[in-house]
Amino acid sequence: MTSAAPVAPASVPLDQPYYNAPFGEAVSRFWKKYAVFTGRAGRAEYWWWYLVTVIVNTVFNTAAFLLGGYGLQLDGSYAPPGAGAIVVFVLWGIWGLATLVPGFALLARRLHDTDHSALWILILLVPFVGGIIILVFTLTAPVTSGKRFDV
């Protein structure tokens, strides 16, 4: 008696939100939809990428700190960053620039899934309160009327 190999679930089309997306698929969709501000993104798509961002930034921050990039010495004095720290800062800047547009695109799609316009991103310009509002929106369950943002 032979058992059939497990069948992988059919991939969700890129023009549809992927609810309960696995980690790898969420990261893949982030890069595939680099500058797509239309459509919707599920919570898993958004939060898996957010986790990647936190991990990568933590690695860069730790590397910069360990290489003396922040200049603070144990005796309270300041020393300029070394060559290794400068390399880390440059790579960190490149990473930030490479993920800026797709990060805003993903946020726009996530807002669409909760039936909010992408213009709500501008609320981030309001210190503290803007971030809280966006956090609440991104945690909100999908709203069926958000389909109006689909292409």
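This is a predicted model: local features need pLDDT of at least 70, side-chain atom pairs count only at pLDDT 80 or more; totals for chains, interfaces and linings use all residues.
User: Are α2 and α3 roughly parallel or roughly antiparallel?
Analyst: Helices here are DSSP runs (H or I, at least four residues), numbered from the N terminus. Helix α2 covers residues 43-66 and helix α3 covers residues 83-113; their axes come within 11 Å and cross at roughly 165°. That crossing makes α2 and α3 roughly antiparallel. The axes are lines fitted to C-alpha atoms over the stretch in contact, with angles from 0 to 180 degrees between N-to-C directions, and an angle over 145 degrees counts as roughly antiparallel.

User: How many nonpolar residues are in the contact of α2 with α3?
Analyst: Contact means heavy atoms within 4.5 Å. On the side of α2 the contact includes W49, V56 and F60, and on the side of α3 it includes V88, W92 and L106. Ala, Val, Leu, Ile, Met, Phe, Trp, Tyr, Cys and Pro count as nonpolar, Asp, Glu, Lys and Arg as charged, and the others, Gly among them, as polar. By these classes the contact of α2 with α3 has three charged, three polar and 14 nonpolar residues.

User: Are α1 and α2 roughly parallel or roughly perpendicular to each other?
Analyst: The axes of α1 and α2 come within 8 Å and cross at roughly 90°. Angles from 65 to 115 degrees count as roughly perpendicular. Therefore α1 and α2 are roughly perpendicular.

User: Which residues of α2 make the contact with α1?
Analyst: The contact of α1 with α2 divides into nine nonpolar, no polar and two charged residues. From α1 come F23, A26, V27, R29, F30 and W31, and from α2 come A44, E45, W48, W49 and V52.

User: Is A21 buried or exposed?
Analyst: A21 lies in the segment before α1, which spans residues 23-32. Leaving aside neighbours within four places in sequence, A21 is in contact with A26, A44, E45 and W48. Buried means under 20% relative accessible area, exposed over 50% and partly exposed in between, with a 1.4 Å probe and protein chains only. At 2% relative accessibility, A21 counts as buried.

User: Where is H116, and with which side chain does the side chain of H116 make a polar contact?
Analyst: H116 is placed in the loop between α3 and α4 (129-139), and its relative accessible area of 18% makes it buried. Apart from neighbours within four places in sequence, H116 is in contact with L111, F137 and F149. A polar contact is a pair of N or O atoms within 3.5 Å; within protein, one must be able to donate a hydrogen and the other to accept it, and residues adjacent in sequence count only if both atoms are side-chain atoms. At 2.9 Å, the side chain of H116 makes such a contact with the side chain of T114.

User: How far apart in space are S117 and G146, C-alpha to C-alpha?
Analyst: S117 is also in the loop between α3 and α4, and is partly exposed, with a relative accessible area of 28%. Not counting residues up to four places away in sequence, S117 touches L111, H112 and F149. S117 and G146 are 29 residues apart in sequence, and in space their C-alpha atoms are apart by 9.3 Å.

User: Is F128 buried or exposed?
Analyst: F128 is found in the loop between α3 and α4, and has a positive phi of about 65° although it is not a glycine. At 68% relative accessibility, F128 counts as exposed.

User: Which residues does V36 touch, not counting residues up to four places away in sequence?
Analyst: V36 lies in the loop between α1 and α2. At 30% relative accessibility, V36 counts as partly exposed. Beyond residues up to four places away in sequence, V36 touches A105 and R109.

How values were computed
Residues are numbered from 1 along each chain as its sequence is written. Side-chain values use heavy atoms; hydrogens and water are left out. Helices (H or I, at least four residues) and strands (E, at least two) are DSSP runs, numbered from the N terminus. Angles under 35 degrees count as roughly parallel, over 145 as roughly antiparallel, 65 to 115 as roughly perpendicular and the rest as oblique.
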